Amino acid sequence: MVYLVGAGPGDYGLISVKALEYIRQADTIVYDRLADNKLINQARPDAELIYVGKAASDHTMRQEDINQLLVDKAQENKTVVRLKGGDPFVFGRGGEEALKLKENGVPFEIVPGITSAVAVPAYAGIPVTHRGIATSFAVITGHEDPAKPESTIQWSKLATAVDTLVFLMGVENLSHITSQLMDHGRSADTPAAVIRWGTKPEQSVLVTTVGKAAEDVAKAGLKPPAIFIVGHVVALREQLAWFDTKPLFGKKVLVTRAREQASLLTAELAMLGADCIEAPAIKIVPPESFAALDKAIGQLADYQWLIFTSANGVEYFFQRLSVAKLDARVLGGCKIAAIGIQTGARLREHGITADVIPGEFRAEGIIEVLQPVIAAGTRILIPRAAVARDILPEKLKATGATVDVVPAYRTVAGDTDGQELAGKLAAGEIDLVTFTSSSTVTNLLGLLGPAGPSLLGKTKTACIGPITAETCLAHDIKPAVIAEEYTIKGLVESIKGLYLNEVSNS
């Protein structure tokens, strides 16, 4: 079976539900240049990935060979997804591929995608139709060879009969396109726009006119992939621009959280327009031994307080509870404290509401809350990272409490390519680095090597709280942002404030 799937215009979030299901099921994925890597990463770990991308004058594989490849893979009894940018049937040559499959008796299905002809102008704040301005639009190939003896585009009818014209892949032929439009009656003063990498964080929009478009594009050095849109609807961008006016638009932000936790921070930053690069500096793994944690779980009845310092500690604690064939009921005799809203939220997922969540989301906050209510001899269990600050257990012990600290998990260096990342930092390709814990700081520096502090000095850094900031300062890294609320939401709000202040002061 072959699925001819439209990947949409560039923003990976614009994929259809059906398309994503097929990507996840496929044995083989044959994909184009414009298919986002985040979609490719949805494939099964054992899926065969075949790149057949085509750029102007640089084709990895001829179309005829791609057609045959789909047949060959299907005849190997594989489920094949042919992942194409935009929509398969809008200048995607999906019809040719489908005909080849039909000719060879291979079953196929078409999964439409959002075409860039509509989505890219929309992301630039340009509707292709608008009441009173444009009641028709046409989508035209921009790839037609100007040297052809006879054009298949009916310029004499097209130039003035349709309100909005959208040329796909037309940047290299822009001079020919605009001259044909003007020769056949379109005014040189007609508003026009060239939109490069539309719907993606690196989107750029050049507003011009039909008469000046070729010259303006040459001056700006705009290259494919881009679309060219002609019509009075372009003027609406001044009022309707929304995507490239987001506070973090165009900013490249490095997310150093563990891979399994990075998605929340990435999603929040992306909603503000950031282009997030996930480069996990840490990885959350089990402790070298669960013996101490398992022993403590077996003696839970002896503890009056159970303190969780992170969502990771909650997760690993309940995993071991399950291994012991126990559940939240065994915590009935304990009071529960959680450092932070997210830790409290993770507890609620397991049916537990924390008795205490301090206003200050760090060890000092929970000490302040607990010290007045803990008597000498109180037994406290803290399942946490194997390596962590000692201030919490030491302060609690000073009250006369008995405190058992057991390793529930470890943070180790992530699998990020430090050399590649160092190159991006040295080249100024990263605008902001986010740190969500002290371990993300120290492990990232370990990945970058001796030049780490000076490389991070070339960019802005944002810390989730003062403890993380202190770790940065200890390595001569001065944070540009320290979140006032020590949460992911607080970090994102502080980063947003940084860039809004820069705009207001510019």
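# A walk through the cores and sheets

Hi everyone, let's start at one residue: L331 touches L300, L306, F317, F318, I336 and I352, leaving aside residues up to four places away in sequence. Contact here means heavy atoms within 4.5 Å. Before going on, please keep in mind that this is a predicted model, where local features need pLDDT of at least 70, side-chain atom pairs count only at pLDDT 80 or more, and totals for chains, interfaces and linings use all residues. Residues are numbered from 1 along each chain as its sequence is written, and side-chain values use heavy atoms, with hydrogens and water left out.

Back to L331. It belongs to the largest nonpolar core, which has 28 residues; F317, F318, L331, I336, L347 and L381 touch the most other members. A nonpolar core is a set of buried Ala, Val, Leu, Ile, Met, Phe, Trp, Tyr and Cys residues joined through side-chain atoms within 4.5 Å. Buried means under 20% relative accessible area, exposed means over 50%, and partly exposed is in between (1.4 Å probe, protein chains only). Which elements build this core? At least two residues each come from β15 (282–285), α11 (291–298), β16 (305–308), α12 (311–323), β17 (335–338), β18 (379–385) and β19 (402–413). The biggest share, 5 residues, comes from α12. There is also a second, separate core of 23 residues, and W155, L174, A192 and F228 are among its members. In soluble globular proteins, nonpolar side chains tend to be buried together.

A word on those labels: helices (H or I, at least four residues) and strands (E, at least two) are DSSP runs, numbered from the N terminus.

Now to a sheet. Its 5 strands form an open sheet in the order β3-β2-β6-β1-β7, with parallel pairing; two strands pair if DSSP finds at least two bridges between them. Which strands stand at the edges? They are β3 (48–51) and β7 (108–111), each with a single partner strand, so one side of each has no neighbour in the sheet. On average, neighbouring strands of this sheet are turned by 15° against each other, direction ignored. For such angles, axes are lines fitted to C-alpha atoms, for helices over the stretch in contact, and the angles run from 0 to 180 degrees between N-to-C directions.

Strand β1 (residues 2–6) runs parallel to β7 and is joined to it by 4 bridges, with L4 partnered by I110 in β7. Two helices pack on this sheet. Helix α1 (residues 17–25) touches β1, β2 (28–31), β6 (80–84) and β7, and its direction makes about 135° with that of β7. Helix α4 (residues 94–103) touches β1, β6 and β7, at about 175° to the direction of β1.

Elsewhere, β13 (residues 252–255) pairs in the parallel sense with β14 (residues 275–278) over 4 bridges. It also runs parallel to β20 (residues 432–435), through 3 bridges.

Finally, some backbone details. Most residues other than glycine have a negative phi, and most peptide bonds are trans. W197, though, has a positive phi near 50°. T199 has a positive phi too, about 75°. Is T199 buried or exposed? T199 is buried, at 1% relative accessible area, while W197, at 21%, counts as partly exposed. And the peptide bond from P224 to P225 is cis, with omega near 0°; P225 is in the loop between α8 (213–220) and β12 (226–230).
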